[in-house]
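Dear colleague,

Please find below the structure that I am handing over to you. My notes on what was found in it follow directly after it.

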Amino acid sequence: MSATQAASDDVLIARIAQGDRLAMQVLYGRHHVRVFRFGVRLVRDEQVAEDLISEVFLDVWRQAGKFEGRSAVSTWLLAITRFKALSALRRRKDVELDDEAANAIEDASDNPEVAVQKKDTSQALRKCLTGLSLEHREIVDLVYYHEKSVEEVAEIVGIPENTVKTRLFYARKKLAELLKAAGVERGWP
Amino acid sequence: MMAMSNKMSEHESSEIEMLLPWHAAGTLNPRDARRVEEALARDPALVKQYAAIREEYAETIGLNESLGAPSARAMQKLFAAIDAEPERKPSVSRTVSARVTGFFASLSPRTLAWSGSLAALALLLQAGVIGVVLVKNQPAAFQTASLSTNEPITRGLGPEAPPRALVRFAPDARVADITTLLDSYQASIVDTRGGLFRLQFGNKAMPKDEVANLMSKLQGEKIVSLAVAAP
């Protein structure tokens, strides 16, 4: 995200704190898709993720006056989304999804092995990315898709910066193991 | 010694390895980005791993992009909830800060960067001038802070407010210039409206002629296009 957009996000939040509905629409239009996708990846359920984004932006409407601008608005949004997603998962009592359960939720089409047989490493990679645990999925998404720095991920997830680095390292290691099990050898680890 | 150096380079190498995903995403600070670039230039194993990371990076984006977008229901639900919220009264302080934030946000990053440098320079100059004045005016004898009995004690009939003015800054006024001006006049922004800033000067009342002098001096400033005394 550009510095200009980050600054204008701050202005929108200031207006939202004044009860400006239009500013809320602009902020929603700008961020709702990414918030939704982050939610879907965490809760693995589009309906729940849709409910989540309404809750996230309603929190923004209520808490805008307390936003101090120490982090980017997008970082704040993802942190709220993560909190709401974990609460939703706790409600569903399936926060501890193991790899097996995660794979069971995936669609019944090509599994990684079949994808590899088709020489489609790309497909296999996507399958394995979906098969990662929640804590590995979120860190991979925050770094690669949401383009968050080490410091921002630390803030969103609530862990020290060094833990952020090692957690992503282990997420990648797990990904490599899943790929290896699916027959994709990448020479690491 | 050799073993130690190897150990250190191994440690550094694993640290660099952990930074590779952020390098691929372009979110490393310049110092770390340079370290990673240098390591990539000398370590073929790291280059191989970096290629794998770029693949993961591309597929993570592809996977997320394939997730689609929420339906209009989410937005309808949100705004229905917002409409059901109690109406809030805008606070004056928040309005002022929002306007000031808006003003600074409207400036380009380049302008802001220049302004930052100029503000730092202005502060240094100001510190220098204050230093010189203090050294020059240093009284030779010891002086207490007690009340001088030679001066008459005067007291107003009621508390008088410090002078205020409505000021419009020139469109090309930079943040640093405005900050310097506010500092030099010991002024603070108390309100903004339609591009006009209400400034307060110091925290003591001033005789009328001094206020008039202040206004004409302010009006003479390059970055000020309008300055009028205001209640």
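Q186(B) counts as exposed because it has 11 C-beta neighbours inside 10 Å. Q186(B) is found in the loop between α7 (175-184) and β2 (187-193) of chain B. Although Q186(B) is not a glycine, it has a positive phi of about 50 degrees.

This is a predicted model, in which local features need a pLDDT of at least 70 and side-chain atom pairs count only at pLDDT 80 or more, while totals for chains, interfaces and linings use all residues. Residues are numbered from 1 along each chain as its sequence is written, and chains are lettered from A and ligands numbered from 1 in the order in which they are written.

In chain A, E147(A) also has a positive phi, of about 55 degrees, and is not a glycine. E147(A) lies in the loop between α8 (134-145) and α9 (150-157) of chain A. Because E147(A) has 16 C-beta neighbours inside 10 Å, it counts as partly exposed.

I80(A), by contrast, is buried, with 20 other C-beta atoms within 10 Å. I80(A) belongs to helix α4 (residues 73-92) of chain A. Leaving aside residues up to four places away in sequence, I80(A) touches V56(A) and D59(A); a contact here requires that the C-beta atoms of two residues, placed from the backbone, lie within 7 Å. V56(A) is 24 residues from I80(A) along the chain, and their C-alpha atoms are separated by 6.2 Å.

As for confidence, chain A averages a pLDDT of 86, and 80% of the residues score at least 70; pLDDT is the predictor's confidence in each residue, from 0 to 100. Over residues 103-108 of chain A the pLDDT is below 50, and this stretch has three contacts in the model beyond near neighbours in sequence.

Chain B has eight helices and four strands. Helices (H or I, at least four residues) and strands (E, at least two) are DSSP runs, numbered from the N terminus. Along the sequence, their order in chain B is α-α-α-α-α-α-β-α-β-β-α-β. Of the 231 residues of chain B, 16% count as buried. Among contacts in chain B between residues at least 6 apart in sequence, 70% join residues at least 24 apart.

Where do the two chains meet? In total, 40 residues of chain B are in contact with 48 residues of chain A. On the side of chain B that touches chain A, two or more residues come from each of α1 (2-25), α3 (44-65), α4 and α5 (92-105) of chain B. α3(B) gives the most, with twelve residues.

One helix pair across the two chains deserves a separate note. Helix α3 (residues 46-63) of chain A and helix α4 (residues 72-83) of chain B pack at an angle of about 35 degrees, with their axes 9 Å apart. The axes are lines fitted to C-alpha atoms, for helices over the stretch in contact, and angles run from 0 to 180 degrees between N-to-C directions. Among the residues that make this contact are F57(A) and W61(A) of α3(A), and K77(B) and L78(B) of α4(B).

Yours sincerely

Note on methods
A residue is buried if 20 or more other C-beta atoms lie within 10 Å of its own, exposed if 12 or fewer, and partly exposed in between; C-beta atoms are placed from the backbone.
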